[in-house]
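Let's walk through this model together, from the whole chain down to a few single residues. Have the sequence at hand as you read.

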Amino acid sequence: MRLNAGWQSSGMAGDAGVASGRGSLAALHLLLVWATMTAAVPVLGFGLLVTGWGGGTEAAVVAFVLGAPLTVGLLAVAGMSARTVVPLCGSVAGRLGWAVLVFFLGTVGVAAGLAAYSADVDLGSAGTRVALTGVPYAVAAAFFVPGRWVRLGAGAALAICVMYGGFLGPAQAREHQHAAEVARYREHPELLYVGAAPPGMQISHVVVGPAYVGVDYRPVAQNEAGYVGLTMRSQLMPTAQCPELVQKDVTCSVDARGDMRTVRELPGGTRAITLTRHLRHAEAEVNSQYLDEPGLRHLLDTLHPLSDKELERLMREKVIEQGY
């Protein structure tokens, strides 16, 4: 009985050693697949880019037809190390079939990664992105290894890639894009001012330029006519001053507060009123043919920095844009 127990103990130890050896071979096999494709895929992609740039789509197709079999051949050579680990790699024909399947599945993964990258998903530095090109092929190869834990690991890696590339990464990209857009709008906070909309009107359009901000107010009702314009810009002069020469039918004056009032008489008895007020670091100008002077002064009196909530609303309604 002691002899039988010794044989059983030796058998268990042998089985553990075999399992450990097969695990090491599987890990070496997947590492070799990753290294091979990390080296081959960027070269293939660069070749497609160069030929497509110089010769068009047809040249790129020819380059792929020539390059893909070479890449599959490299994969088949890499599969020789897995002859005792992957059943398909036990014969030449099986190894070629395995290489074709791994190449196809891995290329689908690379295409998905390129789509995610084109959608501004962060995939790290250039070196990291090159290293990631071999990962889909290693994951695909892992599914052909007859080991439960290896396949579970490959499934987990695939799930993580899908989750990040399809959900977490795009959400982070949108957040970064939104933050960058807000930062561009707030590049000159001394100009990003708005006033209370006149009765029956609302902000219809905002343009944020490099040295100005233009705000258009129009009636809420679509069938009504009306317009008020607000322009914030850097101060041209320290104080408001009427020009020495004014056009005919134009009057200009500066009141005790320092506001400059310009009135242009238009045909049909219509008047275009423009009020200009100097603020601390900017100059505000409002003009309208529809709103009277008290209404324009009220708009100037209610000028305030655009709040985060107001900016979010304007961005959500797509009425604010970057100007040039």
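Of the 324 residues in this predicted protein model, 33% are buried, where buried means under 20% relative accessible area, exposed over 50% and partly exposed in between (1.4 Å probe, protein chains only). Residues are numbered from 1 along each chain as its sequence is written, and side-chain values use heavy atoms, with hydrogens and water left out. Because this is a predicted model, local features need pLDDT of at least 70 and side-chain atom pairs count only at pLDDT 80 or more, while totals for chains, interfaces and linings use all residues.

**Overall picture**

The protein holds seven helices and 10 strands; these are DSSP runs numbered from the N terminus, with helices (H or I) of at least four residues and strands (E) of at least two. Its radius of gyration is 35 Å, well over the 20 Å that the globule rule gives for 324 residues, so the protein is more spread out than a compact globule. That radius is taken over C-alpha atoms, and the rule is 2.2 Å times the number of residues to the power 0.38. Along the principal axes, the C-alpha atoms fill a box of roughly 115 × 60 × 40 Å. Among contacts (heavy atoms within 4.5 Å) with a separation of 6 or more, 52% join residues 24 or more positions apart.

**Confidence**

The mean pLDDT, the predictor's confidence in each residue from 0 to 100, is 88 for the protein, and 94% of the residues score at least 70.

**Helix H5**

Does the length of helix H5 fit its residue count, or what span should we expect? Its 38 residues (148-185) should span 56 Å at 1.5 Å a residue, and the end C-alpha atoms are 54 Å apart, which agrees; the expected span is 1.5 Å times one less than the number of residues. H5 bends by about 45° at Tyr164, the bend being the angle between axes fitted to the seven residues ending there and the seven starting there. Its buried residues are Ala154, Gly169, Pro170, Ala173, Val182 and Tyr185. Among the elements covering them are helix H4 (135-142), strand E2 (201-208), helix H7 (308-316) and strand E10 (320-322).

| Residue | Relative accessible area |
|---|---|
| Ser288 | 3% |
| Ala60 | 19% |
| Glu285 | 19% |

Ser288 belongs to strand E8 (residues 283-288). A polar atom of its side chain lies 2.9 Å from the backbone nitrogen of Tyr290, and the Ser288 side chain also reaches the backbone nitrogen of Leu291 at 3.0 Å. Leaving out residues up to four places away in sequence, Ser288 touches Tyr227, Val228, Arg271, Ala272, Ile273 and Leu296.

Glu285 also has its place in strand E8. Its side chain makes a polar contact with the side chain of Arg233 at 2.7 Å; such a contact is a pair of N or O atoms within 3.5 Å, where within protein one must be able to donate a hydrogen and the other to accept it, and residues adjacent in sequence count only if both atoms are side-chain atoms.

Ala60 sits in helix H1 and touches Leu48, Thr51 and Gly52, not counting residues up to four places away.
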